[in-house]
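Q: Please take the structure shown below and set its computed values against the criteria used to describe it.

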Amino acid sequence: MSPHKNVAVVGAGIIGTCIAAKLVEDGHGVTLIDPLEPGRATSYGNAGGIAATAMAPLSMPGTIRKVPGWLMDPLGPLTIRWSYLPRLAPWLWRFWRAGTPEKVEKQADALAALLKRTYADWDPLWKAAGLDTLIKRDGCLRLYESRAAYEADEPEWKLKRDRGVRMEIIDRHEIRQLEPQVAPIYELGVLTPEWNWVLDPHRIVTGVADYATGRGLRSWRGKAVAARIGANGVEAIVTDTGVVPCDAAVVAAGAWSHVAARWFGSEVPLETERGYHMTLPKPGVEIRHTINLGGWVMTPMRMGLRLGGTVELAGLDAPPNWKRAEVLVERAKRALPGLDATDASPWMGHRPSLPDSLPVISASPHHRNVYFAFGAAHLGLTEGATTGALIADLVAGRTPSIDMTPYRVDRF
Ligand SMILES: Cc1cc2nc3c(=O)[nH]c(=O)nc-3n(C[C@H](O)[C@H](O)[C@H](O)COP(=O)(O)OP(=O)(O)OC[C@H]3O[C@@H](n4cnc5c(N)ncnc54)[C@H](O)[C@@H]3O)c2cc1C
């Protein structure tokens, strides 16, 4: 049998598009299925961080004690809608159980194994797709208003230092030198040179898609609604606009992936951490790094200054609460006193999140020609190229360079 397959990839976000690119590079025939143009869902408006140092899981010892506060403050950095709590409860339970010290160490190791490959996987893809000029390599500056606030984050920094992350602590004076337009309210900063950013996250997806199209990728506009499974596994993906025959399939449908995973007999506790951005087209101030203020960031992009982040646990269907985007502007004005928010545009996206902060990058335990790639949560842009390379390894029958056990679909 030819090593080259006809592969259907469900979902044209950053994850599905990178997978498609790596599969066409391997010589497969690939059809990328999505009702939307590439990169129009969550991958459209993220904060652009190539957050190669972000290996601290979200659930840490003590995190769950913060839940009552999250319920009380609808504009806080992390909030839960009361009406959604009953549906969220099983996920929250698993999230809490993922936060023991031993599990946190293991999850951080598994995240670090992926993140250590970030630039090795992204650099050649950016180059091949002609996207190098959209990558900024000036690092990320995390700012703290007091030493006590930094000390509260020390467990996270320790996890990172233990895994080789380079970090430089700087004082008030050095912050001023690096970022003269930032308000003089920050006592301490941490510079992480390996956390970089892209100037246009949407263009990164369309650029990778264009590159893959140039190498034979076929795009299929339609929503996948079912799978045809025969004696040899998946034979076709059924969409609302027709049937796509295939001899392998990859589910990469972001926060909607649990629906397709079910067609292949896999149940996954996938939730969405909704996040917001505000993009300010003429901010009137300039910053030289991506600036992390804890739960949200300010990223200089080619379309303006993007304020992005925060977490809202409210499911896939609830309408956006635009006040959460507006509050980002209020906070940013504290950090950047001269900020001009004229014509700021709000946006909301659905991060696909599993309770242990790890993605699923996995072969199906039930069907030999089905693969899953979803759940990258806060790191989908960062992990895109690596996820693509790992799925391409699995499809080709190559042994990936890292242990894939932590990312298995049936780990729950
Ligand atoms: C505010 C915010 C800031 C963020 N900042 C960063 C950051 O700085 N760095 C970083 O690395 N990550 C960041 N992220 C996370 C990142 O954006 C996500 O992890 C990533 O976009 C997920 O990509 P995806 O391809 O899995 O999902 P998506 O981009 O959501 O794509 C999924 C696609 O699947 C399609 N789909 C769904 N169901 C079907 C179906 N049945 N049939 C066909 N297609 C289907 C959808 O239409 C969609 O196009 C941020 C996220 C948010 C919300």
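Q: In this predicted model, where does helix 12 bend, and by how much?
A: The bend in helix 12 is at Thr 386 and comes to about 30°. The angle is taken between axes fitted to the seven residues ending there and the seven starting there.

Q: What makes the span of helix 12 close to the expected one?
A: Helix 12 covers residues 380-396, which is 17 residues, and reaches 23 Å from its first C-alpha to its last. At 1.5 Å a residue, 24 Å is expected, and the two values are close. Just after helix 12, Gly 397 takes a positive phi of about 80°.

Q: What is the corresponding picture for helix 1?
A: Helix 1 is also mostly covered, with eleven of its twelve residues buried; among them are Ile 14, Cys 18 and Val 24. Its reach from first C-alpha to last is 17 Å, close to the 16 Å expected at 1.5 Å a residue. Gly 27 follows helix 1 and has a positive phi, near 95°.

Q: What makes the phi of Thr 310 worth noting?
A: Most residues other than glycine have a negative phi. Thr 310 is not a glycine, yet its phi is positive, at about 65°. Thr 310 is placed in strand 18.

Q: Why is Thr 310 called buried?
A: Thr 310 has 22 other C-beta atoms within 10 Å. Burial requires 20 or more, so Thr 310 is buried.

Q: Where is Ala 377 found, and is Ala 377 buried or exposed?
A: Ala 377 is found in the loop between strand 21 (370-374) and helix 12. Ala 377 has 23 C-beta neighbours inside 10 Å and therefore counts as buried. Its phi is positive, at about 55°, although Ala 377 is not a glycine.

Q: Why is Arg 218 called partly exposed?
A: Arg 218 has 16 other C-beta atoms within 10 Å. Arg 218 is found in strand 10 (residues 218-221).

Q: Which residues is Arg 218 in contact with, leaving aside its neighbours within four places in sequence?
A: Those residues are Val 30 and Thr 31. For a contact, the C-beta atoms must lie within 7 Å. Val 205 is 13 residues from Arg 218 in sequence and 15 Å away in space, C-alpha to C-alpha.

Q: Which residues come nearest the ligand, and which element supplies the largest share of the shell?
A: Of the 45 residues around the ligand, Gly 13, Gly 49, Gly 254, Gly 275 and Gly 380 come nearest. Strand 19 gives the largest share of the shell, four residues. By class, the shell has 23 nonpolar, 18 polar and four charged residues.

Q: How do you know that the radius of gyration agrees with a compact globule?
A: For 412 residues, a compact globule would have a radius of gyration near 22 Å; the protein has 21 Å, so the value agrees. Of its 412 residues, 48% count as buried. The secondary structure comes to twelve helices and 21 strands.

Key: Residues numbered from 1 in each chain as written. Predicted model: local features only at pLDDT ≥ 70, side-chain atom pairs only at ≥ 80, totals over all residues. Helix = DSSP H or I, 4+ residues; strand = E, 2+ residues; numbered from the N terminus. Expected span 1.5 Å × (residues − 1). Near = placed C-beta within 6 Å. Nonpolar A, V, L, I, M, F, W, Y, C, P; charged D, E, K, R; others polar. Rg over C-alpha atoms; globule rule 2.2 N^0.38 Å. Contact = placed C-beta atoms within 7 Å.
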